[in-house]
Amino acid sequence: MRATVNQKLTEMGERERLKELLRAKLTECGWKDQMKAHCKEVIKEKGLEHVTVEDLVVEITPKGRALVPDSVKKELLQRIRAFLAQHAT
């Protein structure tokens with residue numbers, strides 16, 4: 001089911017529109033700045049020479065997900081549901 005929804009969103013260009021909306025909302029609410037600060041903390045704590053991009057992603061992903069405001073999650077979900085209702089086959 002998830003693959004079908006993903007395919008439909010991609011084919012109709014809605015996936016890109018949702019990604020742009022998400023980027024804008026996350027910037028608006030300060031999420032991007034919080035994550036940037038968290039990245040700097042992790043790098044400072046571990047030392048630049050000892051952190052790979054992969055390490056950084058593993059370290060910051062849980063916090064990044066937790067910091068996404070519920071209002072943003074709800075809005076995206078509503079938009080996906082509306083899209084699917086409109087394009088149901």
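**Close-up views of a predicted model**

**View 1. Where helix α1 meets helix α2.** In this predicted model, the residues N6, L9 and T10 of α1 are in contact with E14, R15 and L18 of α2. Sorted by class, the contact of α1 with α2 holds two nonpolar, two polar and two charged residues. Helix α1 covers residues 2-11, and its axis lies 5 Å from the axis of α2, the two helices packing at an angle of about 85°. Because angles of 65 to 115 degrees count as roughly perpendicular, α1 and α2 are described as roughly perpendicular to each other.

**View 2. The lining of the largest pocket.** The largest pocket of the model has a volume of about 240 Å³, and the residues that line this pocket are L9, R15, L18, K19, L22, K73, L76, L77 and I80. Two elements, α2 (14-28) and α5, each give two or more residues to the lining of the largest pocket. When the lining residues are divided by class, six are nonpolar, three are charged and none is polar. A student who wonders how such a space is found may keep in mind that rolling a probe the size of a water molecule over the atoms shows where empty space is left.

View 3. The C-alpha atom of L21 is separated by 9.4 Å from that of V72, although L21 and V72 are 51 residues apart along the chain.

**View 4. H38 in helix α3.** Helix α3 is made up of residues 31-46, and H38 is found in this helix. Is H38 buried or exposed? With a relative accessibility of 11%, H38 counts as buried, because this value falls under the 20% that sets the limit for buried residues. Leaving aside residues up to four places away in sequence, H38 touches E59, I60 and K63.

**View 5. Two residues of helix α5, S71 and L84.** S71 is found in helix α5, which consists of residues 70-86, and L84 also has its place in helix α5. S71 has a relative accessible area of 51% and is exposed, whereas L84, with a relative accessible area of 27%, is partly exposed. The C-alpha atoms of S71 and V5 are separated by 22 Å, and along the chain S71 and V5 are 66 residues apart.

**View 6. L48 in the loop between α3 and α4.** The place of L48 is in the loop that runs between α3 and α4, the latter being residues 53-67. L48 has a relative accessible area of 62%, so that L48 is exposed.

Conventions: Residues numbered from 1 in each chain as written. Predicted model: local features only at pLDDT ≥ 70, side-chain atom pairs only at ≥ 80, totals over all residues. Heavy atoms only, no water. Helix = DSSP H or I, 4+ residues; strand = E, 2+ residues; numbered from the N terminus. Buried < 20%, exposed > 50% of the residue type's maximum accessible area, 1.4 Å probe, protein only. 1 Å grid on protein atoms, 1.4 Å probe; cavity = no way out; pocket = protein on both sides within 12 Å on 5 of 7 lines; lining within 4 Å. Points joined across faces, edges and corners; volume = space filled by probe spheres on them. Nonpolar A, V, L, I, M, F, W, Y, C, P; charged D, E, K, R; others polar. Contact = heavy atoms within 4.5 Å. Axes fitted to C-alpha atoms, helices over the stretch in contact; angles between N-to-C directions. Parallel < 35°, antiparallel > 145°, perpendicular 65-115°, else oblique.
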